[in-house]
Amino acid sequence: MGVDIQTLMEGFKTAMQPMNLLWVLVGGFLGTVVGMLPGLGPATAVAVLIPITFGMDPTSALILMAAIYYGAMYGGSRSSILLNTPGDGSAIAATFDGYPMSQQGRAGQALAMSAIASLIGGVIAVIGFIFLAKPLAEFALQFGPAEYFLLMVFTLSAIVSLSKGNMVKGFISMSVGLLLSTVGVDLQSGVYRFTMGIPQLSEGIDFLVIIIGIYAVGEVLYNLVSIDKPKGDKKSVGKKWITKDQWKVSKWPILRSGPLGFLIGVLPGAGGSIASMLSYTTERQLSKRQDQFGKGAVEGVAAPESANNAASVGALIPLLTMGIPGSGTTAVMLGAIIMLGVQPGPLLFQHNGDMVWSLVGSMFIGNIFLVLINILLLGLLVKILDTPAKILYPVIFVLSFIGTYTLNYSIIDFYILLLFGVVGLAMKIYKFPIAPLILAVIVGSDMEQNFRKSLVSSDGSLGIFFESTVSVVLLILTILSISYPFITEMIQKRRKTQDTAGNHHEL
Amino acid sequence: MKKLLIFLSILTLMALTACGSQSSSGDGGESYPSKDLEFVAPASPGGGWDATARAMKKVLNDEKIVEENMNVVNKPGGSGEVGWKYLKKQDPHTLSVNSSLVLTNNLLGKSQLTYKDFTPLAILTTEWEAVAIPKDSSIKNAEALMKQLKKDPKSLKIAVAPGLGNDDHLSFVQAAKTYGVDVTKLDFLVYESGGDVVSALLGGHVDVATMSVSEAKQQYKADKVDILAVSSEERLDGLEDIPTWKEQGVDMVFPHWRGVMGPPDMTEEEIAYWDEKLKKMTETDAWKKILKNNEWQSFYKDSSETKKFLKEQEEMYSDLVKKSGLAE
C-alpha cells in the first residue's frame, strides 16, 4: 500500500493550487454554515452543489465536497453549544457539556475548545488516512451483521449508563426511541410497519426530524413556557480563548478520541453519531472528575468534537478504497464523482492516485482553514447569546421548518416535527434524558436489521454473536459499560468510609 | 452584527433552497410547453433515479434541445410512491423518472398506482443484473450455484439491496425459477444499499450477491469478487469473459430499465413533442458520455413501444411476484 512521499507531495502541490485552495475555503465555509443551521446537513449541501460540480475537474469537485463534509462537523457543534439545538446526530454529544458551559458564561471557551479539538482530531485522522487507509478498509470488512449489532448495543448501553442515578428514565427514553425506529418498511420481509397508509412514512421517521423537533422546537417551546420566569443575569460570553488548565484536562481526551472516531468512521454506516457518543462516554468513564461531566466539563466538549471530525475523514476510506459509501453524504459524493467519469472502487488508488492524495492534502489544509474561520467567527457567533429571546426563538423556529423541508421535501414531516417539539418539551420539563431516545432512533432500525440478518445467516443460532474476536470484545465492553457506574459507586463508597475526613474536591 | 448574521444565514438558506423551487408563468394553452418544466426524481439525491433526472435536464438544456428551463425535484418515499402520487396531480409540464417499481409496487400490494395511471413517454436506459460471489468461493459457475440451490435452497445466503421485490431480487428469483429451484425457500439478506451488499460480499458475510452490473464491475476488475452470470442478451462490453445466463442454460434476459412518464391523459401533441425531443437527446454525444460514465446502456423506446413494453413487463412481473411467494 505504498505511501510514497513523492506522490503525497504531488498531492499537496495540487491541493495548494490557488483554485483548489479557493474550493477548500468555499467548501469549508459553506459546510460550517449549513452545519450550524438545524436540519441542513452536509448531504443536502453536497446534493445541491452537484450541478455546479458538473463542469469541474473531478479532483476539485472532490476537494470541494469533502470540505463541505468536514466543515459541517465544525459548524454542527456551534448551535449545540450556544443554543442546545444540535443540527445533526454527530453534534448531539457537544450539547452535554457545551451548553452548560455556555449557560455559565463560558461560551467563548467552549467554542474555541471545540475548534481546537476538531482540528487535532481531523489532523490525526488525515495522518491515519495516509498510513492506514488500506489495512483499515480490510479490517472494516470483518464487521458482519453480528458485529454491527453488538457495536450498536454497546453504544446504546454506553448512552444509557450516562443517565446514572436516573437509569429508569434513561431506559424509558431509549425504549421509546427503539419503538420509533420500527416505523417504516421492514427490509427483511418488505412489510410496512406502523406507516398508517402514509407513503412518506415507508422509509421510517427521519431521525433528523426527531432531532430538530425535540431539541430545536422543544427548546423554543420550553423557553415559551418559562418565559415569565426571571432569566437571571444576562449571560456573558466570557473569555474567548481556553486556559492552560483547560488544555491540560482536554489534551488526552482529544488525543484518544481522534483515533477512536477515525476507526468508527471507517466502518460503513456507523459514522459520526456513534463516534462522538462513544468518545464522550469513554472519556467520562476514564475521567477523575466524572461528576463534572454534564455540568460544563471542558473535556466533555473536546472529546466528541475531536471524534466526529476524525470520523468524517475515516468515512472517506471505504469510499475511496472500495467504492463503498459509508454515510449519506459520501453516497451523494459517490454519485457526483461517477457523473464526472471517475469510478470509485478498489482501483481508484491505482488509476486516480493523484486525485486521492490531492484530497488528502486538501483535508490537511482545510482543517487549518476551518479553525481560522471558526475562531474568526467566534466573536460573531457568541453574539447570538445577546439576541433577545423574542427574536432568537422565532428565528430558530422558522429555521427548523426550513431545515426539515429540505430533508425529504415533505409536508408530513412538519407535523412530525411539531409532535416531537411537544415531546421534547415534556422531556425537558420532566427531566428525561434526550440522548438515549435520539441515539436509539438513529441506530435502532440498523440494529434490528443486523440482528435478524445475523440470525438468518446462522440459521437461527445465537452462537453467531460469540464467534469472532470483534464480537467478544464488543460484548465485554458492553458489560463493562453497564456495570461501570455501579463499580465506581462501590469504590467511592469504600473510599468514603476509609477517609472519614472527606475530601475538599468539588462535589 | 447579529442582524447581519441572521441575514447571512437566511440568505444562504434561500440560495440553498432556491434550486428546489419552481417558477411558473401563465398557461398560454397555445403551444406546449408554455412554461418551465419539472422533472420528478421520486428518490433522494444520489441514486439512479436522481442521476437519470439530472442527466436528462443537463443534456436537454445544454444541447438546447428544450429551451424551457427545467428543474429537478426530489420526492423520496415509498419506493417512488410519493413522487408518482404527486405526478398524478400535475399538468403535463411535470414528468417523472420511473422503473419496474411502477409495476411491482402495485403487484406487491404496496400501491394503488400502476403504469396505466400515467402517460408512458419513453424507456431510456437499462442496466443489467449480475450475480457475484466472493473470490474464495467453492462455487465456480452459475450452473453449480443453481444445482446447489435446487438441492437445498437454504444452503446459501444471498445478499440484496435495498428491498425485496426490486429488480436485483427478482432477477435472481427469475433465474432460479427457470432452473427449477424452489424460490419461496431462498434465504435473502436484505441490506440497506448496494454498497453494503458489496462490503458483505468482500467480508465473506454472505455466499452470493445479486446486484446491478455497475456495482459489481469495479470489484471484479480489481479481482476482489467473481461474477457468475449477467442478465443481458449478449456478453457485455468490458466484461467479455462473463457468460450470460442464456449461455449457461438458464433461458432468461432481465433488463433493469429506467424510463420517463407524464401525468395521466397527455394529448397526442404533447406525447409527440417528447418522442421527438427525447429521441434527439439519446442521440447526443453528451448523453452517450453520461451513459458510459454510469455504466448504463441505451434502451430507447418511444412512447408507443414503451406502452407495449410495459404491458409485457407487467405480465412477466406479475407471474414472478406470485411464484416468489411475495404476494398471496
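## Domains of chain B

Chain B is divided into domain 1 (33-126 + 256-323) and domain 2 (127-248). The structure described here is a predicted model. Between the C-alpha centres of domain 1 of chain B and domain 2 of chain B there is a distance of 27 Å.

The two domains also touch: 13 residues of domain 1 of chain B are in contact with 16 residues of domain 2 of chain B. On the side of domain 1 of chain B that touches domain 2 of chain B, the elements that give two or more residues are α4 (101-107) and α11 (303-324) of chain B. The most is given by α11(B), with three residues. By class, this side of domain 1 of chain B has five nonpolar, six polar and two charged residues.

## An enclosed helix in chain B

Helix α7 of chain B covers residues 194-202. Nine of its nine residues are buried, so the helix is largely enclosed by the rest of the structure. These buried residues are B:G194, B:G195, B:D196, B:V197, B:V198, B:S199, B:A200, B:L201 and B:L202. Just after α7(B) comes B:G204, whose phi is positive, at about 70 degrees.

## The surroundings of B:A53

B:A53 belongs to helix α2 (residues 48-62) of chain B. A residue is buried if 20 or more other C-beta atoms lie within 10 Å of its own. B:A53 has 28 C-beta neighbours inside 10 Å, and therefore it counts as buried.

When residues up to four places away in sequence are not counted, B:A53 touches B:F39, B:A41, B:V72 and B:V97. Of these contacts, B:V97 lies 44 residues from B:A53 along the chain, yet the C-alpha atoms of B:A53 and B:V97 are separated by 6.5 Å.

## The largest nonpolar core

The largest nonpolar core of the model contains 257 residues, and those with the most contacts inside it are A:M65 and A:I438. Helix α6 (residues 107-141) of chain A gives the most to this core, contributing 21 residues. Chain B takes part as well, for the core draws at least three residues from each of domain 1 (33-126 + 256-323) and domain 2 (127-248) of chain B.

Which residues does A:M65 touch, not counting residues up to four places away in sequence? They are A:G27, A:V46, A:L49, A:M333 and A:A336.

## Two crossing helices in chain A

The same helix α6 of chain A that gives 21 residues to the core also meets helix α5 (residues 93-103) of chain A. The axes of α5(A) and α6(A) come within 7 Å and cross at roughly 145 degrees.

From α5(A), the residues A:A94, A:G98, A:M101 and A:S102 meet A:A107, A:Q109, A:A110 and A:S114 in α6(A). The residues of this contact divide into four nonpolar, four polar and no charged.

## Where chain A meets chain B

How many residues does each chain give to the contact? Chain A gives 50 residues and chain B gives 50 residues. On the side of chain A that touches chain B, the elements that give two or more residues are α3 (42-53), α14 (328-339), α17 (389-408) and α19 (435-457) of chain A. Among these elements, α14(A) gives the most to this side, with five residues.

The residues of the side of chain A that touches chain B divide into 29 nonpolar, 17 polar and four charged.

Key. Residues numbered from 1 in each chain as written. Chains lettered and ligands numbered in written order. Predicted model: local features only at pLDDT ≥ 70, side-chain atom pairs only at ≥ 80, totals over all residues. Buried ≥ 20, exposed ≤ 12 C-beta atoms within 10 Å, placed from the backbone. Helix = DSSP H or I, 4+ residues; strand = E, 2+ residues; numbered from the N terminus. Core = buried A, V, L, I, M, F, W, Y, C linked by C-beta atoms within 7 Å. Domains from an automatic or database assignment. Contact = placed C-beta atoms within 7 Å. Nonpolar A, V, L, I, M, F, W, Y, C, P; charged D, E, K, R; others polar. Axes fitted to C-alpha atoms, helices over the stretch in contact; angles between N-to-C directions.
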